[in-house]
Amino acid sequence: MNSRERILGRVREALGPMRGTQVPVPRDYRRRISEREAPTRADVVALFTERVAERRVSVRHVSADELATGIAAALWGREAKRIIAPPDLPFGWLAGLEGVQAQADSPPADAGVLDTLDGVVTGCAVAIAQTGTIVLDGGRAQGRRALTLIPPYHLCVVHADQIVGTVPEAVARLDPSRPLTWLSGPPATADIELERTPGLHGPQILDVFVVED
Amino acid sequence: MTPSFERSSAGTTPSSQGPGAAAGPARDRAPKFSAAARTALADTRQRANLAAATAALRARRAAATAEADDWERLREAGRAIKDLTLLNLDAYLEELEGAVTAAGGTVHWAADAAEAGRIITRLVRDTGETEVLKVRSAVAQEIGLDEALRRAGIVPRDTGLAELIVGLEPGDRPSHMLYPAMHRNRAQVRELFARELPGAPADLPDDPEILAETARARLRERMLPAKVAICGANFLVAETGTAVLVESEGNGRMCLTLPDTLITVAGLEKTVPTWADLEVFLQLLPRAAAGERMTAATSTWTGVTPGDGPSAFHLVLVDNGRTSALADEAGRAALRCIRCSACLDVCPVYERTGGHPYGPVHPGPIGAVLTPLTRGVESAADASLPYASTLCGACADVCPVKIDIPDLLVRLRGRVVESRRRRPVPTPELAMMRTLAWTLGDRRRYEVALRRGTRWARLLSRGGRIRRLPGLLGRWTDARDVPAPPAQSFRAWWESRPGRPGGRR
Amino acid sequence: MRVALFVACFNDALFPGTGRAVTALLERLGHEVVFPADQTCCGQMHWTTGYHREAAGLARGFTEAFGGGDVIVTPSASCAATVRHAYPRIAEAAGDPGLADTARDLAVYELAEFLVDVLGVTDVGASFPHRVAYHPTCHSLRSLALGDRPLRLLRQVKGLELVELPAAGECCGFGGSFAMKNADVSVAMVADKVRHIRETSADVVCAVDNSCLAHIGGALSRLRGGVRVAHLAEILAGTEAT
């Protein structure tokens, strides 16, 4: 008998007649953001801005027309001269760049190269207002996970209609077969006396652009 | 219904599951909790570190859970989802295996710690690598993974700051589930780094940010070229075959993204039924564990994704006594645990003793339950764990999945007593408790004892006080005075009341 | 009304003054107190220490002693919690559903909840001109969820100055057999409780469990801490000490 059979056998034996009980799960927790917390759509977006800023992320609101200029200005402000972007990043986003060398991740750059770059620009899949979270799923304009992991600076574009209120709403929208990365601010550690220090791995600096149209 | 003071006939005894790193003769010789606690209590630096750390965590957690106005409903859902999972665990494990396999991963089953070590060692060997990255994982600690790898000539490289700290001091062990180096303050970390970290400057300051940055370079240089990594998982979704890692530091992301081969090791009970169920746990865990709405980085992955991350994914499912706990109708509730450590941070005992007296694997209140549940109560050390509590109940209040830890502790105490009853020679405590029960079991015997007790008390006292109680009870008077013994018991007074209303029945 | 007093074995033996105070208080409020003399012990110590067979025997004895149908009042929150919450588990462990049924029918109240919830009074006409810190014992705080009932009673006591105890909800470290089996940790815990008490400048510490009070009071006394302990009943009865 192999271990698989042994373990499954032990589980069945352990549960005895209780095995198969369908425990009812009460789902009366909040699925959507409360009226009190964010009555309108605009409030949801504002809540996202507030919560993500609390996570030490710099947030800017722009219109679609202003995005390219905004990105260029942010990169300039962060002194990011060599950046990378997923191959399907909308071309227009980087149209305003000057003096910045932007490469597409195609063919995929190896880790050593990524480690020499100043930053990465991506979109996202979903953003969560209540927790100040951005979720990447490797889909449109996001690229593979290594892109947003190794360079020290990540600029992420979030469209206002990608922002949902709560974690349940986000889970419902996301595809679990894709590798997901849920980012709530830059990495941090509190291993020494519980004092928060910037985390060691992953972009230390996160800039978010919220595009409203 | 099986009376709970008899061990359930289902399930196996831990010894039949083979030796694990934490089992066997070493554990049989391990000190009882009270003895280990005495030593820990005298470590004044650790006491100060723990008091400050747990106070800070309590405050953060309280704020984060108070902010969620549906916290109680989330807890109830979390409890129910976990109970559903446990009562259908075989079906969900099979579903999980199918989904992981369909997504390009391979599932391995480890009946005990030794087998888990062998499987993982073989998987690493198969890649030809002699170094592996590791991400904080309680189960990896539990199965003694580091030792198993080293015996096979493979070097495990911890990627977390806390693991680095703990690893620099030989013989040191993690003292907390989420903050394994909690027992060290900044000065101690500075000392360790200056001494043991190659390249660390002699005048290294004890500022946490600088210390972390010093470690960063050393940790990062290991990660970029690595080919194999081993991590744990907070949740495994049966429906989709998805693994979930909740973290703040980012080393998890590094380990599950950069290497070619990823090995995830997790206990059977990490399973949750559906993807939608994560909507509950991704709210419960960050708030209960870290007092945050969401931790800085949470990653989920399913099997293998071509072009993004590892090309080989292995999931090692570990039993190692969990099915013993599962066999216990009441005790299986402990398997709901999502390793948030909220119970540790509110426990007044843990706050003063730290994690080490609880043994090498699970610290704190949940540890005092899980260790005897999975390993039995034969060793003195394991039998002492259910008593390492005043049953104050603070843990049950904060547990995000509503494990009634005090109730489980009392049941385990029952199991300890029953196992001692079977011994040929009764312990002094057993004799005393039997006598006490016999005396209390009959009014007349009780009243005689009361009268005798009053006489003895007056004999023992000097100047209206009892300086020292005899025998075992002397532990009381080691540290506390005992009040002046009363001249008569309550019922003697009641009897003597003139024309007492009500009176005897 | 007629009330059956469950004084609790350790009060009977060591703190009879508390029992006398409860009697005096309830009689002063115009009620009839009876003392079913067959009572001995509710079985808490045996249950929590793991002697579950013996606990079942003691629980049966309790239900027989109090089988008369009277409302039961006790100055021991831990005993009230045992009857209310532990008896069904004791019965289950013993495979004795009859015990569970009988236990369920018992109307047991801790003193403060009896006064506030059943009698509907908070002013019991007491006088106690001292500065008092109230320590909520774990059973009263969590098992019985007494909330602020004891405080509401104390606030109505003439001359009593109620001071807030820092970290009040922290366990004092008694924990029954814990005080013996883990004596060092128990002492470390009471050291902090004593420290918090002394921070308040209270001269009396009040609680609804004499077991905890004996532990706290014993430590205060050993340290010559200058603070004494008093059970809620004794304050409300306006009587003191044994």
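This is a predicted model: local features need pLDDT of at least 70, side-chain atom pairs count only at pLDDT 80 or more; totals for chains, interfaces and linings use all residues.

User: How are H11(C) and H12(C) oriented to each other?

Analyst: H11 covers residues 183-199 of chain C and H12 covers residues 210-222 of chain C. Their axes lie 10 Å apart and the packing angle is about 75°. Angles of 65 to 115 degrees count as roughly perpendicular. H11(C) and H12(C) are therefore roughly perpendicular.

User: Why is H4(C) described as oblique to H5(C)?

Analyst: Helix H4 (residues 52-65) and helix H5 (residues 77-94) of chain C have axes that come within 10 Å. H4(C) is oblique to H5(C) because their axes cross at roughly 125°.

User: What is the handedness of the crossing of H4(C) and H5(C), and which residues in H5(C) take part in the contact?

Analyst: H4(C) passes H5(C) in a left-handed crossing. H4(C) contributes Ala55(C), Ala56(C), Leu58(C), Ala59(C), Arg60(C), Phe62(C) and Thr63(C). The contact comprises 9 nonpolar, 1 polar and 1 charged residues.

User: Which strands are the edge strands of the open sheet in chain B?

Analyst: The 6 strands of this open sheet follow the order S1-S10-S7-S4-S2-S3, with parallel pairing. Neighbouring strands are turned by 25° against each other on average, direction ignored. An edge strand here pairs on one side only, and this applies to S1 (105-110) and S3 (155-158) of chain B.

User: Which residue in S10(B) is the bridge partner of Ala110(B)?

Analyst: S10 of chain B spans residues 312-318 and pairs with S1(B) in the parallel sense over 6 bridges. The bridge partner of Ala110(B) in S10(B) is Val318(B).

User: What distance separates the centres of domain 1 and domain 2 of chain B?

Analyst: The domain assignment places domain 1 of chain B at 71-186 + 216-323 and domain 2 at 428-496. Taken over C-alpha atoms, the separation of their centres is 55 Å.

Note on methods
Residues are numbered from 1 along each chain as its sequence is written. Chains are lettered from A and ligands numbered from 1 in the order in which they are written. Side-chain values use heavy atoms; hydrogens and water are left out. Two strands pair if DSSP finds at least two bridges between them. Helices (H or I, at least four residues) and strands (E, at least two) are DSSP runs, numbered from the N terminus. Axes are lines fitted to C-alpha atoms, for helices over the stretch in contact, and angles run from 0 to 180 degrees between N-to-C directions. Angles under 35 degrees count as roughly parallel, over 145 as roughly antiparallel, 65 to 115 as roughly perpendicular and the rest as oblique. A crossing is left-handed if the near helix is turned anticlockwise from the far one by less than a right angle, and right-handed if clockwise. Contact means heavy atoms within 4.5 Å. Ala, Val, Leu, Ile, Met, Phe, Trp, Tyr, Cys and Pro count as nonpolar, Asp, Glu, Lys and Arg as charged, and the others, Gly among them, as polar. Domain bounds come from an automatic or database domain assignment.
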